[in-house]
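Reader: Please take me through the reading of this entry feature by feature, giving the general idea and then the case at hand.

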Amino acid sequence: MDAFWIILTGSLVASSCALLGCYLVLRKMAMVGDAISHAVLPGIFLAYMLAGTRSSVPLLIGAAVFGVLCTFLIELLTKRMRMQNDAAIGLTFTFLFAIGVILATRFASYAHLDQDCILYGEIAYVPFDVGWTLDIGGAIGVLEIPVAIGILSALLVGVIALIWWAYKPLFITTFDPAYAAAIGISTTFWHYVLMGTVSLTTVLSFESVGAILVVAFLIGPAATAYLLTDRLPVMLILAVLIGILSAILGYWLAVWINGSIAGAMATVVGGLFGLALFFSPSYGIIGKHWRKAELS
Amino acid sequence: MENLIEFLSLSDPNVRYVVLGMVLLGICSGVVGSFTFLRKRALLGDAIAHSVLPGVCLAFMIGGTKNPLFLLVGATITGWLSLIVIDFISNRSRIKPDAAIGLVLSVFFGVGILLLTSIQGSGNAAQSGLDKFLFGKAASLIGSDVWVFGILCAVMTLVVILFFKEFKLLSFDPDFAHSIGLPIRLLEIVLATITVLTVAVGIQAVGVVLMSAMLITPAAAARYWTDKLFKMVILAAIFGAISGILGAYVSYTETAMPTGPWVIVVLSLIAFFSMLVAPKRGVWAQYVIQKRNQNKIHQENVLKLFYHIAEKGDQQFRAARSLDELLSRREFPTSILKRTLTALTKKELLDKVGNNQWKLTDEGEERGKRVVRLHRLWEVYLTKYLRIAPDHVHDDAEAMEHVITPELEAELDKLLDYPATDPHDSKIPR
C-alpha cells in the first residue's frame, strides 16, 4: 500500500507541474520556474516563524509572496536596472535562497525542516502522515489516506480549474502577447497569475518531493511533450502522462538500486526526454536525419 | 570590537583558512564569472554546479576513496558533459536553451542524488562527508583546501592573463574573432574548462546553488561601474574577495551562521548598492541624466514659445510677455512653466521685467530662433527625402529639434540647399 501512496504522490505532483511547465517552456521561462522553486525557501521559514505552526495557510501565503517577489525582482532588474535577463534571474534566486538557508540554519530545530529535506523531500514518509481514514470494506478494508495526498489532489484540481477557465487568455498571452494586448487582455496580469500558481505548486510539492524534483517535473515532461506535438491541448495531456510515467518508473528504479525516490524520478524524467529527443516521429533527431537523407 | 580585532589578526588558524580560502575563491569566481556573464551564459554556471554531483559520486564508486583530486576529476568530467548536452539539445532540437539548461541541471542533479543516497544506503563507512558537495562547508576549510584554491587561482589567473585579448574578443564579437583566424573552438574549451574547474572546487566551500551566485553576482555588480573589461574583471575579483572576508566574519562572530550564504548575501547587497549609485549606469545617475534632459527640453520649448508669439503676432521679438500670454499659446503645466522661466532667467536667457513679465535677451533670442530653425529644417528634410506628407512631420520635428547637433545642422542645411521656408510656408529664421 505504501508504494501506491508514494507513486500517487509523485503522480499528483508530476501532473500539476507538467501542466504549468508547458506554459513555462512555451513562454521561454523555464529558468524562472527553477528560480521560483529556490526563492520560496525564505517564505516558508518566515511563515513558520510568524505563525509558529506548520499549518498550510500561512505557509502558502509566505511562499506565494516570495515566489511573486522573485519574479517581480527579476522584472525590476531587467527593466529598470537594465541587467541582462539571465544574470537577473541568477542573482535574484541565489540571493533569496541564501537568505532561506540562513533562516533554515538559524531556526532548523524550530521548523523541523532541514537542508536535506529541502533538496530531496520526504516522499518516502508520505504514507505515515495519515490524514483521513475511509472504510470501504471488502478486501482492502480501512483506507488510510495520507495528508499529502489530500493537499496535492486539491492542488491538481486547482491547477486544472485554472487552465480550464483561463485557457483562452493563457493561450493568447503565451503565443501572441502583442495581439493579447491589442484585444485588451492584460499580459502582466496573466504573467503574475501563472507565476503565483507556480509558486504555490512549488511550495506544496516541496515537502513531498524536494526542490530538484519540482524543477525536473516542471521542465522535463513539458519539454518532452513539446518534442512530440504542435498542439497545446495534446501537449498538456502528453506532459501529464509523461509525468505520471516518470513517477511510476522512478519509484521502481529507486527500489531497485536502493536510492532516493525523488532522485530516481528526476533520472527517469531525463531518460524519457532523451528517448523523445532521438526517436520522436516529428521532431526527433533520428527522424529529422532520415527525412533529410530521403530528400537528398 | 574585540571580535573584529581578533578576526582581523587571523591568529586563529581556522579563521585563517576560511578567510584565505573564501578570498581566493571569490577572486577566481569573480574573474571567470566576468566572462560567462558577458557571454550571456550566466546560468550555465548553475547547470555546471548541479551537474558536478553525479561525477563526484561516480568517482567515489569507481575509486572507493575520497581522494580530493580523484573526486575533482569526476566532477570536472560530468560538469563538462552537462555543457555538451545543453549545447547538443539546444542546437539539434526545437527545445530552447533555457529549457535545456533547466532540464539538464535538474536531471543531472537527480542522478547525483540517486547515486549519493545509493552510496549512503550501501553502508560504506568511507562515504561520510560526500554530502558537503551539496551545501558546502566553508567553515571546515583546512590547509590543504586552501592550497587547492591557491593553485587553482594561480593557474586561472595565468590562463586569463595569457589569453586576455582572445577571451575579450570571444566575449564581445565571436564572429570577428573567427574571421581573423582565432581558434574559437579551442578558446571556448579553455574558458569552459576553467569555469568547470572553478565550480567543481568552489562547490565544496559554498554548495551547489550558491556557487552559481559566486559566478554571476560579482560580475553583474562590476558591470555597473565600468565599460572596460579589464577594470570589470579586477572589480569583480575585489567584490568576490570582500564578500568572502565579510561572510567569514559573520560566521565567526556567530558560530551558528553558515559562511557560504552570508558571502552571497553580502555579494547581493554589493550588487544592489552598485545598481543604485554607480555613476552613469546606476539608477540614480540615470535619473539625474533624464531629469537634466527633461529640463533642457522644457527650456528650449519656452524660448521657442517667445519666438512663435512674436512671429504670429506683433513681430516684436524682444517684447515682454506675461505668464497668461505664454500659457494661452502653448499648453504647459503652470508650475513647470514658472520653474522653467526662473531657470532661464538665472541663465540670463530671459530678463524678468516688472511683475510676472519676461523678455528674451540677445542670447535667448538666438537660442529660440535656433530651435525653430532646427524644427523647420527637419520638416523640410522629412518631406523632401523621406516623402512624408507635410501634415505628418510636425510631431517628429518636435522631438528632433532638441537633439540635432550643430554639425548635423550644418550638414542638413547644406543637403537641403539652405531652404528659406518650411513645408508649411513658414520662414526658416537665420
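Predicted model: local features only at pLDDT ≥ 70, side-chain atom pairs only at ≥ 80, totals over all residues.

Reader: What do A:Lys79 and A:Glu75 form, and how far apart are the closest N and O atoms?
Author: They form a salt bridge, with the closest N and O atoms 3.4 Å apart; the term requires a side-chain nitrogen of Lys or Arg within 4 Å of a carboxyl oxygen of Asp or Glu. Both residues belong to helix H3 (residues 56-79) of chain A, and because they are four residues apart, about one helical turn separates them. Helices (H or I, at least four residues) and strands (E, at least two) are DSSP runs, numbered from the N terminus.

Reader: How many salt bridges does a search of the whole structure find?
Author: Over all chains, the search finds 18 salt bridges.

Reader: Which parts of chain B are tied together by the pair B:Arg318 and B:Glu365?
Author: In this salt bridge the closest N and O atoms of B:Arg318 and B:Glu365 are 3.2 Å apart. B:Arg318 lies in the loop between helix H14 (283-312) and strand S1 (321-322) of chain B, and B:Glu365 lies in helix H17 (residues 362-385) of chain B, so the pair ties together parts that are 47 residues apart in sequence. B:Arg318 is partly exposed at 32% relative accessibility, whereas B:Glu365, with a relative accessible area of 16%, is buried.

Reader: Where in chain B do B:Arg373 and B:Glu409 lie?
Author: Their side chains meet in a salt bridge, at 2.9 Å from N to O. The pair links distant parts of the chain, with B:Arg373 in helix H17 and B:Glu409 in helix H19 (residues 406-415) of chain B, 36 residues apart. B:Arg373 is buried at a relative accessible area of 11%, and B:Glu409 is buried at 10%. Elsewhere in the list, B:Lys304, B:Arg330, B:Glu398 and B:Glu401 are joined into one network by salt bridges that share partners.

Reader: How is phi to be read, and what is its value in A:Arg82?
Author: Most residues other than glycine have a negative phi. In A:Arg82, phi is positive, near 55°; this residue lies in the loop between H3 and helix H4 (85-106) of chain A, and its 52% relative accessibility counts as exposed. B:Arg387, which is not a glycine either, has a positive phi of about 55°. B:Arg387 lies in the loop between H17 and H18 of chain B and is exposed, with a relative accessible area of 73%.

Reader: Where does B:His392 lie?
Author: B:His392 is in the loop between H17 and helix H18 (394-400) of chain B, and it is exposed at a relative accessible area of 59%. From B:Glu379, B:His392 is 13 residues away in sequence and 9.1 Å away in space, C-alpha to C-alpha.

Reader: How many helices and strands are in chain A?
Author: Chain A has 13 helices and two strands. Its radius of gyration is 20 Å, close to the 19 Å that the globule rule gives for 296 residues, so chain A is as compact as a globular protein of that length; the radius is taken over C-alpha atoms, and the rule is 2.2 Å times the number of residues to the power 0.38. Along the principal axes, the C-alpha atoms of chain A fill a box of roughly 60 × 50 × 35 Å, and buried residues make up 57% of the chain.

Reader: What radius of gyration does chain B have?
Author: Chain B has 32 Å, whereas a compact globule of 430 residues would have a radius of gyration near 22 Å. The C-alpha atoms of chain B fill a box of roughly 100 × 60 × 35 Å along the principal axes. Chain B has 19 helices and three strands, and 51% of its 430 residues are buried. Among contacts (heavy atoms within 4.5 Å) with a separation of 6 or more, residues 24 or more positions apart account for 69% in chain B.

Conventions: Residues numbered from 1 in each chain as written. Chains lettered and ligands numbered in written order. Heavy atoms only, no water. Buried < 20%, exposed > 50% of the residue type's maximum accessible area, 1.4 Å probe, protein only.
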